[in-house]
Structure formats: structure tokens, C-alpha cells
Amino acid sequence: MLLKVIVCCGVWFVVLSSRSVVGGASNNKRDSRTVTFSRADRQGQVRSRSKREGWLGSAGNFAYCRQPLSKQDHEILDENTEETGFHGDDGSSFTLTWVGDGTGVILVLSTISAPIDSFFEGGSSRLYRSEDYGKTFHDISNGINHTFIRKDYGVSAGPGNSKQVIITADVPITKTEGGLIFTSEDMGITFKPIALPFHPAQPITFNFQNPNYLVAISTDGDLWLSLDFGDEWENVHEGAHSFMWGGNVTLYFSCSPKGTVEADRRGELYLKRTKDLGRTFTTIAQNIFSFGYIGGFLFTSVMEKLESPRVMYVSSDQGDTFNKAQLPSASTEQFYSVLDGDEDMLFMHVDKPGEDTYYGTVYTSDDQGVLYSKSLERHLFGGEGKSDFTNITSLRGVYLTNILDEDGGIRTVISFDRGGEWSRLEKPQNVKCGVNVKNCHLHIHGEHSHYNNISPMLPLTDPTAIGLVIAHGSVGDSMSAIRPDVYVSRDGGYTWFCTLKGPHYYSILDSGGLIVAVESHRDRQINSIKFSTDEGQCWKSYNFTDHPIFFAGLASEPGSKTMNISVWGYRPEDDDQPMWVAVTINFEHLLSRDCEEKDYVYWLAHARADEDSPTNGCVLGYKETYRRLRRQSVCRNGRDYVVIRRQTPCPCTREDYMCDYGYYRHQNSSECVKQADFVAKKLELCVHGVVEELETLGYRKVPSDKCEGGFTPLRRLSTGLRHCGNGSSSSLASTSSPLLEKPADSMMVIVVCAAMGTVVILICIAIFITVKRMTRRRPPAYLFSALRLQDDDQCIRPDPGSQASSNRGSYQADSDDVCLSAHHKYLITDD
């Protein structure tokens, strides 16, 4: 599961989202198993669907291919389309959870939230189960005694192909001593009730390798462990704030010193580790604000001295030792964000100094996570805590994001070498730009556009659909706030073509052999789905129902192996009450022929057609040739499809190196030059408590690069003789208050006590000022507000990011003085 960890004002927000299910929810990582669809309240009668926009209308600035659906294909799809109406269920939201891999089992939770003053007595929920990929559903609420289930994390499925499920009841804290869960080990066929000795404050979390091991934090801050899938629970620690599983059964958690209140606000938390499931604990760091674990790297946000900026410490050995990350420090008005990471390197965003800048610099780490190089400047990171940074998983080494240029325009850049170089996207050939546009490029809509309801979906890729990228975008000098169109790339982002007019919801099926899309409309009903078997070059349309529905979302099994897609929505019944509807379409019988070897072609990734050189296609030190489906082949990859690739090493060039610490890549050049603030200075680093001097020509090899020979610039570290502070776990885990030596006489005692009293008073004043600064919430960026001038007099509040591993919830300010107007620094053009 891809984990995005954001440090904002000393608080970690851990965000998990899904691309396997798309729709009204902002869930956009393909391996998540859960998504929620919500029904918008509508007044009056449902309007009939107006005439659909013409695909080749005069308003369009491009033409694309539409193919008719034959009568035979229509009959095949009709035979393999099932519609389920949830009659009598007036739930305001439906939450879908997939259980296991390839099992076809879905659990659906329907919830009506209770009024705030009802103590949950007015709330209700129903639980449904399907074992045929959503074709049919059965109400299994009686299996849990019709218990009211939590809406936010009521259903949790075990990792991988586990058959285990946990249902968490919504029990009033004031009326019971502990919570209630139901566990199942047969994918929801039967459930066993278990009374908890605590009230969980967040989802009960599985260990990935052994799903019988469970961990949770209670509402009163205690850390609880179960080693037998919830039958028995043990309170192993108090004062816990957040936790994360590490490798194997290692568990990390932050906690407050005994009797300390709001230690997380002041950076006084301990970071502890247990390797034996709670029998023994080791304090591996003190005086931290927050911590995170990703790709084998453990990192903490620390304020080394009172009122000093925060710094980052990183461990690559599971917390045995820490080293100070060579990054700019972050003040209370700034934040760090780990944008992406794996076992080789991290992408880190550091905000620009000053309040409300909404942009910063992206740095890339070495393979220890300690030494960072500048990768991209003016990286956009809005006040709502969202970044457009996207890992294009369908092709190795490709990342895409947006920058905020000095003129206020938002523009898209892409890197094909893990952040070594960034460039603009070329304009698709089948799209025209405005007459007065001088620098026409394609710009991709990401989190910011999704948050501001400009685009319904984020960019979509999958590792089994080699080179395929689907995204909303617009062409021009900078990003436009008008309705975006859908663009497709089949070579990992090098070239693009416009494929659908207007916003759509889309999904990748059959490892890229099939793409489906549904038009996005907020004010009218839909009854058709579009699909393409040639990576979006041509589309066919299928009317899946005679009774249109208001669309809520698409749902498909995690990954892209499936050929089933479910369209979710609702329509009014005879009493004008909305009824939830799920229409599941199985395309397997439409693509009835299994693909053969003749249906595949070998493709050299990253190669340019106009280049004929031995290094053509060399990225990160080697060439990679994939076997992938021909666009003209109409066949089925199937569930057993495996990506086949061949790798060939390349000689080293400058492109295999990123700029070293203290250097940056000069614009439109592969040359690395020294940063202005490092000119005429020695590059000294504090590593493992010892000063080391870096001798470099400005280049260091990209982590995981496999090039051989060729360009080999000088680079070495020479260990100095002097020591440096805060360089290892011993300094991080030690107390920050020095011990007072015993005085020689009573006068000395009086003098010392008086001095300490003065120091204490000054410290209290400093702490008060620091806390006041820390409790000031960073106001949200008001992107695209030029289109919404009516909001000028309203306070705009950001989404409170989900806190999957903390019982403290989202960071909230005490005041409401962050009303934003449309007069801001972001310029979104309407080209």
C-alpha cells in the first residue's frame, strides 16, 4: 500500500487513498480496498437527462474516434450486465470493501448518520455481501445483530489474500466501558462478536505479514495489541499518539512522557520501538514532533532547541541509529512532506520560508536518506495539504507534478530519471491552442484541481499496463480552470493525445487491454459507459440501463487484472425517495479470445523515434524492453498475465547522475553548478556524530542506477577528527536538559537557584510564544477562486486529512480568522 506522509506544522497526516475504485470519493491509490460513495441531497423532482454533448461539436478543439457498437456486441454485454436496486435502503453513503484477491467478495456498508445530539440512537446501517464481483448482493445485517457500524472505518479487510474481516461497531463511549467488533475468517460468511476492553480511536490495524497481529489506540491514548485476531487484547503502553508497523513485527509509536499534556504540540514526544510484540520497549528518540516510516526509512521531525526551526532525522537501520538529514530546516510556518519513497531514495518537499508561500523545493535523497540534493524549485504545495506529485507506476523512473511559476501560472513538469531533470509536457498533436498562446504545453490536473472540483479524478496508471497514463488536462501557457478533457499517454508521459471531451471517470481493466469511462455530470443522469480496446484511440458506447441514474462512482477490484466494472448511483423510486443502484458489467465474454504471442510487440521504453544512438532508451543505467499488447489486437490478457521485460546495462553518462549536495542542475542543461550559499565553503556533513568533508565535482549517481563505466566523476568523503552533536541515536534519545553540578557552598546554591528561576520564567514565556505560533493553522490555498467569486465572504476550510495512525485527529486552529478572498497569487488562465 502506497503511503503518503505529510508533516505539517509538526503534525503527521497519513493519507491512504485508492485508484482501484473511483468516483465521488477522493480515493486514488490502486491498492486500497475501500471507497465511499455519498449521495448528494437534491430538492424537487429529478430532471430528465438533457441531450448529450456532441463528441465532434463545434465547441471542441480536437477530433477523436468513435466506433458504433454492433448488435451482437450489445447483446453480449446485455447478457453479462446485472443491475441491483437496494430497495428501501435510504442510506446517505455506501462504503465498498474488497476482501481477498480474485475472490469476487465485496462487503458494502450503507449508513445513515445520526444527529449530533442523538447519541447515535438515530443512526442506522446495513451490511451487504457479494461473492460475484457485485452482480448480486445479500443483506447480512442479521449476522452482526443489526448493529450500528462506524461509517469512517467500520469495515476492514485483511492484507493480501487474507480471508479475515473486522467490523467495528459504533458504540456510544458514554454508555459502555468498551467497544464492540465482529471478526470473520471466512470473508464475511459468518461473524463472531468480541467485546473490547477499550474504545478504538482509529481503525484496528493488521500486521501485513501476519494478519492475526492487530494493533489499535484507544480514545484515552492507550496502545493495545492482540496476537490472536482480536480474541484477547493487552494494554502494552499508555500515552500513545501514533503508530506504524515497520519490517516484520517491528512496531513504532510515539508517546507522551508521563503526565505531559499536549506534548505533540511542543515537540516533547518519545519515539519507541518494540520488536517482540510489546514485551519490551526501546526509546529510540526524544523531543520529537512526529515520525514516519516509508520504504525502509524511519524519520522524525525534531526541534533541537527551544524556538529553533525543526529539522529532520533519518534512520535506515530500523531506528538503531539516526542521522540529521542534510536539508534546510523548517520553521513553524513551513513543513516537510515526504512525497514518495522506496528502499533506495526519498522525495522530500521543503516549504519556502515565510507564511503562505504555497510552494517550495523538492529534494532527492541518497540511498541512506541523509544526503539530499535539490531536484525541483517552486514546487506547488497548497495550504489544503495537497500536492500534485505523481509516481507514474506504468514506467520506471517517471514522476509528474506541477510548479508555481513567478508569474503565478501553474505548469506541469515531468521527470523520466527519478527527479534528475524536469521538463515541460509537449502539446498533443490532435489539440489546438489559442491564437495568442506563445508557449503551448499540456498541463495535467492533480490533487489541487480535484480538491477544487475542477477534475473528477487524478492521473491513473498501473504497473501491469506498461506505459499507459490517463489524466485530465488542458493545453495552453499555463493550467486552465475551464472543464478539462481526458488525455492518454501510451509511452509513460513522453507523448500524449486527447481522447475524450470533458471530464470523465475512468478505470483500467485487463492489465491495460481495456479502458472504461463514464461522463462526469453533476446535474443530470447517465445511462451509458464508454470503453476502448486500443488504449483510448477509439471508443464504443454501451447503454447499460433503460433507467438513467445519478452517477456516484466506478468500482473495480484492486489492481487492473479484472474485467468487471460496477457503475454506482441512485435514482428516485415511486415515492420520490432515492434508491441506490449498482450495475455490474462483465467484459470477459466480449473479449472472448485469449491473447497469443502474435498479439504482443516488444517495445523499448524511453526510446525516441528520431534518435539513433547506442544510449537511446538508457534511463537509470539500463535499457528496458517490454512485451506489451498491440493496440490493434482485440483479445484478453487474463488474470495470469505477467509483464515480461529484458534489461541491458548502459555506459554511464551525466544523465545517470543527479546534482550532489550543495549543487543544482542549471536550467536547460545537464551541468551541475554550485549553489550560491555554498560558494567558497567547504561541504561539511555531520554523519554518525563525526564531521565529514565532501569532495565532489557536483555529481552523485542516482540511487538504483545500474550504469557501468563511462562518465565517473570524482566523489569522496574524508572523515574529520572533530565530533558533531545530534548525529546519532544516542543524542536523539538523550534528554535535552543539562545536569546541574553540585555547588560548593550554600551561597552558590542560592545563586544557582535564582538563576534557574529566571531561566524557568524565560523558558515559560518562550514556550507560550512558541505554542501560540504552532497553533496557528496554515490557511488553505484558494485555487481556481476566480471562477467562484461568490465565495469571497465565506471562510474556506480544508478537508481534515485522514489520520490513519493517530488518535489526535486533524490539527485545528482556535480562531476563524482565515477567510480568504479571490485576490490571491494563483493565476489560472482560461485559454
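**Figure 1. The whole chain.** A residue is called buried under 20% relative accessible area, exposed over 50% and partly exposed in between (1.4 Å probe, protein chains only). The model is predicted: local features need pLDDT of at least 70, side-chain atom pairs count only at pLDDT 80 or more, and totals for chains, interfaces and linings use all residues. Residues are numbered from 1 along each chain as its sequence is written, and side-chain values use heavy atoms, with hydrogens and water left out. The chain has 831 residues, of which 57% are buried. Its secondary structure comprises 5 helices and 56 strands (DSSP runs of H or I with at least four residues, and of E with at least two, numbered from the N terminus). Of the contacts (heavy atoms within 4.5 Å) between residues at least 6 apart in sequence, 56% join residues at least 24 apart.

**Figure 2. The disulfide of C618 and C650.** In the whole structure, 6 disulfides are found (pairs of cysteine sulfur atoms within 2.5 Å). Such a link is a covalent bond between the sulfur atoms of two cysteines. In the pair shown here, C618 and C650, the distance from S to S is 2.1 Å. The disulfide is left-handed because the torsion about the S-S bond of C618 and C650 is about -85 degrees. C618 sits in the loop between β45 (600–604) and β46 (622–629), and C650 in the loop between β47 (644–649) and β48 (651–652), so the bond ties together parts 32 residues apart in sequence. C618 is partly exposed, at 24% relative accessible area, whereas C650, at 3%, is buried.

**Figure 3. The disulfide of C652 and C707.** The sulfur atoms of C652 and C707 lie 2.0 Å from each other. The link is right-handed, with 90 degrees about the S-S bond. C652 belongs to strand β48, and C707 to the loop between β54 (699–701) and β55 (708–710), so the pair connects parts that are 55 residues apart in sequence. Both C652 and C707 are buried.

**Figure 4. The disulfide of C659 and C672.** The S to S distance between C659 and C672 is 2.1 Å. With -85 degrees about the S-S bond, this link is left-handed. C659 comes from strand β49 (residues 657–659) and C672 from strand β51 (residues 672–674), so to speak distant parts of the chain, 13 residues apart. C659 and C672 are both buried.

**Figure 5. The second largest pocket.** This pocket holds about 1,500 Å³ of space. A pocket is an open set of points on a 1 Å grid over the protein atoms alone, with protein on both sides within 12 Å along at least five of seven lines; a cavity is a set where a 1.4 Å probe fits but cannot get out, and lining residues have an atom within 4 Å of a point. There are 48 lining residues, and G420, E421, W422, S423 and R665 are the closest to the centre of the pocket. Two or more residues come from each of β29 (372–380), β32 (410–415), β33 (423–424), β49 and β50 (663–665). β29 contributes the most, with 6 residues. By class, the lining has 16 nonpolar, 17 polar and 15 charged residues (Asp, Glu, Lys and Arg count as charged; Ala, Val, Leu, Ile, Met, Phe, Trp, Tyr, Cys and Pro as nonpolar; the others, Gly among them, as polar).

**Figure 6. The largest cavity.** The volume of this cavity is about 130 Å³ (the space filled by probe spheres set on the grid points). It is lined by 14 residues, with S511, G512, G513, E535 and L629 the closest to its centre. The lining divides into 4 nonpolar, 6 polar and 4 charged residues.

**Figure 7. The second largest cavity.** This cavity has a volume of about 70 Å³. Its lining includes R150, Y153, H199 and T219. Of the lining residues, 6 are nonpolar, 4 polar and 1 charged.

**Figure 8. Positive phi at H146 and M187.** Most residues other than glycine have a negative phi. In H146, phi is near 55 degrees. H146 is placed in the loop between β10 (138–139) and β11 (155–157), and is exposed, at 56% relative accessibility. M187 has a phi of about 60 degrees and lies in the loop between β13 (180–184) and β14 (192–195). M187 is buried, with a relative accessible area of 16%.
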